[in-house]
Amino acid sequence: MRMFLAIVVCKLLRFVGRLVGKGSSLPGQYALKICPDILQKVKLPSYIIAVTGSNGKTSTVEMIAAILRKSGKTVVYNEEGSNQIEGVATLILCNSSLGGKMRGDVLLLESDERYARLSFRWFHPTHFVITNLYRDQLTRNGHPEWVYDAIAPAIHPDTTLVLNADDPLVSCFARGHEKVKWFGVDRCSISTEEHHGVYHDGARCPACGGAMEYEFYHYEHIGRYRCPACGHHRQDADFSVTSLDLEAGKLTIGGETEISLAFRSIYNVYNILAAWSAGSLAGVDRETMASVINNYILKNGRMVQFTLGRRHGTLLTSKHENSVAYDTNLSYIRAAKTPCTALIIVDSISRKYFTGETSWLWDIDFGLLNCGEVKQVILCGRYVNDLALRFDYTGIPAEKIVCYDTVAQAAAALRESGNEELYVVTCFSDRDKLLNLVQREQ
Amino acid sequence: MKVTILHLYPDVMNLYGEYANVAVLCRHLEALGVEADVQTAGEDADFSTADFIYMGAGTERKQKYVLAAAPRQAEGLRSAVERGAAVLFTGNAMETLGASVSSAAGKVWPGYALADFTTVETEKRSPADVVAVSTLWEAPAVGFMNKCSVTRGAATPLFSELSLGFGNEEEHGAEGYVSGNVFATHITGPILVKNPDFTDLLIRRLFARKNWTVPERLPVLPHEREAYAVTLRELRGRIGREG
């Protein structure tokens with residue numbers, strides 16, 4: 001009876017909420033108050049796939065959904081990104097019959113890495129994809145090992161873990177867990193024997209603290225590693241990118257399926273591979289998966305094309321407090337080899353909470369912009385002085401760097417002069433301050 | 001003129017861009033015509049020639065790797081301090097300077113024992129912006145901390161109180177530790193980048209140790225004072241809204 005009531009209330013609140021434009025967590029919150037163990041009582045589909053990790057969750061989940069739908073499966077997933085227990089409850093209950101049976105073949109969840117254990121106390125995924133653990137929003141997440149410790153209790157022994165073999169910390173989830181599938185990228189054109197980046201979170205073995213040895217790196221601490229002290233090492237992958245040519249935008253999965261990349265970045269390669277692994281484990285055939293992810297353009301729109309004066313511009317959405325997200329975009333600009341101006345905006349550090357914390361600027365490899373093609377670097381926003389100070393330590397000649405206090409001033413200057421390609425790197429929290437001043441291309 | 005800087009565990013105790021503390025100090029020294037010789041070391045550190053010894057913050061586990069070697073390194077560090085070397089430990093590196101660090105589960109690691117304080121880790125993290133009243137310079141210090149511990153028995157704190165942030169034992173309470181040329185604070189990240197007054201104080205101490213004449217006016221490097229002013233303004237605005 002309580003279950004019935006909770007489902008009715010949830011559906012009703014969701015209906016009213018939609019009319020007045022309210023978010024998706026409140027209905028679930030009420031349902032959980034009425035019937036705290038409702039997520040245990042509802043009958044869920046036979047496939048429950050959860051995705052967590054620091055970066056790439058949203059993109060990976062979107063591609064998994066596209067693959068499953070193309071194969072004819074009905075997929076229920078949290079497209080709005082409400083990934084804490086209340087949002088998950090809303091999603092499940094609004095897609096359930098009043099008798100408590102969820103419709104659909106697959107429940108697909110983007111799961112907040114810190115709160116997964118709250119949702120999975122009541123039910124557990126059949127497949128749990130963990131993409132990577134990086135430094136991300138340290139102001140609220142602590143650090144990658146802290147996040148690891150928060151995810152670990154959410155893992156049920158019956159769940160099949162789908163892990164990034166190339167991430168030494170993520171690989172630790174397999175210790176003492178029976179059902180594990182691995183995905184990874186073989187040595188390829190971007191692999192280096194030297195570590196690149198401002199910091200090295202793979203320097204020590206996450207299992208024992210010994211000095212880690214790498215055969216090669218793909219980026220940051222992702223690569224082929226072995227700890228001589230305890231033997232923790234990169235596992236053989238069940239799903240592999242067997243060749244990759246980023247410049248040509250081509251990769252091969254499992255030695256036979258060729259995929260073209262709409263966005264030529266190593267991070268996109270990992271997201272594609274994670275989606276491929278999940279699709280494969282859900283029984284989708286290779287041809288169907290390849291037809292979906294070949295040249296797949298993400299709907300979550302992190303790249304925006306626009307014009308500003310005589311310039312063509314590309315905004316690459318990054319995340320403040322996430323150096324890997326920044327490095328992704330800076331590498332993209334460097335690899336484009338186009339004469340360009342780069343604009344970096346740091347105005348509000350977060351949309352969700354207040355902080356004046358700028359230490360993360362020092363974790364970003366802004367030195368990637370120290371190349372001939374980058375003709376000018378424009379810095380702007382409230383924290384422009386912190387940015388300028390950081391850039392003083394990149395080796396980029398001072399005469400290439402121009403600072404403005406506001407986004408509007410920077411936009412006006414860019415509109416008035418120059419016709420070079422413009423690359424913009426900033427966060428969701430700041431990007432509209434520029435996009436409102438330019439002409440967007442569809 | 002040369003200053004030898006020993007950066008301890010730069011690969012593991014570098015969670016919040018702490019390497020920038022060493023970089024900015026070098027920049028200031030160079031602006032004064034002083035050569036900065038930066039040495040990096042871990043368990044095998046040689047403290048005998050160091051004028052300035054720095055360690056930044058790490059994860060709780062990585063701090064334990066440091067603590068595992070601390071007892072056998074303690075004598076070397078103590079001698080360096082007795083010779084007048086300046087020491088700055090930030091974030092949870094501060095905890096290692098004390099007598100011990102205990103995990104929330106009760107496991108105890110002895111520290112460098114340069115000070116008497118003891119630290120107990122907690123299950124909860126307390127991330128916080130910081131505005132601090134210094135015992136050594138006039139302007140408020142700004143920064144960020146992300147601690148999951150309580151430190152007791154730091155008799156001579158570096159900051160007498162915090163208008164934002166968690167002190168050694170409680171919110172807004174006294175924070176850090178200072179004794180002679182030994183400085184420690186749980187403020188993480190590039191604290192010297194964010195607080196040019198603190199950098200200037202360290203420069204004066206280093207010059208004094210070397211018996212060099214301290215210039216009346218220390219160099220002001222681009223953007224540092226402006227960045228500090230913006231952060232202080234933003235954080236003060238926050239205090240206003242909260243209080």
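**Chat about a predicted model**

Tutor: In this predicted model, helix 4 (residues 57-70) of chain A lies across strand 1 (47-52), strand 2, strand 3 (106-110) and strand 4 (127-130) of chain A. Helix 4 of chain A runs at about 165 degrees to strand 3 of chain A.

Student: Which other helix of chain A packs on the sheet?

Tutor: Helix 10 (residues 266-281) of chain A does, and the strands it touches include strand 9 (239-245), strand 10 (250-253) and strand 11 of chain A. The direction of helix 10 makes about 150 degrees with that of strand 6 of chain A.

Student: How many strands form the open sheet in chain A, and in what order?

Tutor: The sheet has 9 strands, in the order 2-3-1-4-5-6-9-10-11, with mixed pairing.

Student: Which strands stand at the edges?

Tutor: Strand 2 (75-77) and strand 11 (257-260) of chain A; each has a single partner strand, so one side of each lacks a neighbour in the sheet.

Student: And how far are neighbouring strands turned against each other on average?

Tutor: By 20 degrees, ignoring direction.

Student: Take strand 5 and strand 6 of chain A. How many bridges join them?

Tutor: There are 4 bridges between strand 5 (residues 160-164) and strand 6 (residues 180-185) of chain A, and these two strands run parallel. In strand 6 of chain A, A:Lys181 is opposite A:Val162.

Student: New topic. What does the domain assignment give for chain A?

Tutor: It gives domain 1 (2-293) and domain 2 (303-440). The centres of these two domains of chain A, taken over C-alpha atoms, are 29 Å apart.

Student: Last one. How many helices and strands are there in chain A?

Tutor: Chain A has 15 helices and 18 strands. Its radius of gyration is 23 Å, close to the 22 Å that the globule rule gives for 442 residues, so chain A is as compact as a globular protein of that length. Of those 442 residues, 50% count as buried.

Notes
Residues are numbered from 1 along each chain as its sequence is written. Chains are lettered from A and ligands numbered from 1 in the order in which they are written. This is a predicted model: local features need pLDDT of at least 70, side-chain atom pairs count only at pLDDT 80 or more; totals for chains, interfaces and linings use all residues. Domain bounds come from an automatic or database domain assignment. The radius of gyration is taken over C-alpha atoms; the globule rule is 2.2 Å times the number of residues to the power 0.38. A residue is buried if 20 or more other C-beta atoms lie within 10 Å of its own, exposed if 12 or fewer, and partly exposed in between; C-beta atoms are placed from the backbone. Two strands pair if DSSP finds at least two bridges between them. Axes are lines fitted to C-alpha atoms, for helices over the stretch in contact, and angles run from 0 to 180 degrees between N-to-C directions. Two residues are in contact if their C-beta atoms, placed from the backbone, lie within 7 Å.
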